[in-house]
Amino acid sequence: MRILSGIQPSGALHLGNYFGMMRPAIELQDKGEAFYFIADYHSMTSLFDPRQRRQNTIDVALDFLACGLDPKKSTFWIQSHLPEVAELTWLLSTVTPMGLLERCHSFKDKSAKGIPVNHGLFAYPVLMAADILLFDSNIVPVGRDQKQHVEVTRDIAIKFNEAYGQTFVIPEPQIRTDVAAVPGLDGQKMSKSYGNTIEIFGDEKATRKKIMSIVMDSRTPAEPKPDANQNLAIQLLKLVAPVEVANDFEERLRTGGLGYGDLKKALFEHYWIHFTVARAKRAELVGNLDYVRQVLGEGAEHARSIASDVLIRAKAASGLG
Ligand code: ADP
Ligand code: TRP
């Protein structure tokens with residue numbers, strides 16, 4: 001079974017990225033042949049600062065390796081190090097109906113908000129299809145917001161197969177329902193674009209401040225709160241604390257007697273403990289960037305050996321070369 005996923009280097013990674021995509025992806029590296037990459041081509045649709053892109057790319061590599069991506073088990077590389085992706089994107093774009101892309105929320109939402117959209121953003125799902133189809137991927141672990149893109153990939157693969165004969169494997173999205181949408185500091189989905197994130201490797205003081213500033217309602221600590229399971233801090237605590245600890249806090253909130261300040265303090269402490277090992281590992285990797293570059297270099301080489309064969313298959317099927 002081939003498992004593949006990617007993440008854009010568009011800023012510091014947060015708990016939504018971690019629980020929604022990275023952790024499931026890391027767990028899956030024991031379940032099949034895993035392929036993970038940093039989608040720097042995709043980041044070009046919305047980030048126009050080259051220094052920032054370079055820095056973010058290395059930061060994502062550090063974050064992923066620190067969180068448990070094991071290069072002995074998974075192939076890990078930078079998307080643009082495989083030019084095959086750009087070439088396959090063209091082939092796929094010619095069988096992609098415009099209407100399919102017009103319906104994609106990545107493009108539709110921005111355009112509805114009046115944000116100027118470029119062709120790259122419109123064609124973004126085709127590039128994503130090339131990423132996935134180049135590896136005969138079976139499973140694509142992503143957060144819920146990427147499901148539509150994997151469905152578009154399936155449609156594109158079917159269209160190509162219909163036009164040129166059986167060429168591509170049809171992939172399946174895999175979305176963990178328990179962490180499909182991690183809430184952010186304001187209760188909306190956690191996202192860089194909403195400015196409501198808790199970074200995985202945030203600075204201690206700044207992150208404590210962010211968590212302590214979560215706005216709650218004005219009920220007194222003594223009041224019982226029958227809706228304790230809806231509480232934002234409880235929902236986040238369930239992700240970072242052992243289950244019995246989170247359940248105990250939820251129960252105390254439900255019956256009354258627990259103040260929001262104490263709850264938020266516990267959330268910060270458990271968040272901090274949750275990533276202690278990864279934080280140490282990251283610090284070690286920062287001191288050994290040559291190793292990180294070597295992992296990405298070897299990953300690209302292995303990924304390319306597979307992708308180039310699939311590209312040759314697609315070109316032969318469509319009468320190129
Ligand atoms: P952002 O919304 O912060 O820009 P991305 O779109 O770059 O995040 O998402 C990278 C990966 O993390 C995707 O697989 C996405 O589905 C997942 N992800 C992002 N935010 C969340 C969230 N709040 N809950 C669950 N998964 C998320
Ligand atoms: N579009 C994805 C995101 O923003 C990243 C991505 C690019 C991806 N190519 C992919 C994810 C292929 C899964 C498979 O999160």
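Predicted model: local features only at pLDDT ≥ 70, side-chain atom pairs only at ≥ 80, totals over all residues.
How many residue pairs are in polar contact between domain 1 and domain 2?

Residues are numbered from 1 along each chain as its sequence is written, chains are lettered from A and ligands numbered from 1 in the order in which they are written, and side-chain values use heavy atoms, leaving out hydrogens and water.

Let's start with the overall picture. The protein chain has 14 helices and five strands; these are DSSP runs numbered from the N terminus, with helices being H or I of at least four residues and strands E of at least two. Along the principal axes, its C-alpha atoms fill a box of roughly 75 × 45 × 35 Å.

Now the two domains. Domain 1 covers 2-182 + 289-317 and domain 2 covers 202-274, with bounds from an automatic or database domain assignment. Their C-alpha centres are 34 Å apart. Where they meet, six residues of domain 1 are in contact with five of domain 2, contact meaning heavy atoms within 4.5 Å.

About 400 Å² is buried between the domains, and carbon and sulfur atoms give 86% of that. Buried area here is the accessible area (1.4 Å probe) that two parts lose on being put together, summed over both. On the domain 1 side, Leu15, Phe19 and Val182 lose the most area to domain 2, together 76% of what that side buries.

Back to my opening question: the count is zero residue pairs in polar contact, taking both at pLDDT 80 or more. A polar contact is a pair of N or O atoms within 3.5 Å; within protein, one must be able to donate a hydrogen and the other to accept it, and residues adjacent in sequence count only if both atoms are side-chain atoms.

The whole structure, though, has 21 salt bridges. One of them joins Asp30 and Lys73, with the closest N and O atoms 2.9 Å apart. Asp30 sits in the loop between helix 1 (15-28) and strand 2 (33-38), and Lys73 in the loop between helix 3 (50-66) and strand 3 (74-78), so the pair ties together parts 43 residues apart in sequence.

Conventions. Salt bridge = Lys/Arg side-chain N within 4 Å of Asp/Glu carboxyl O.
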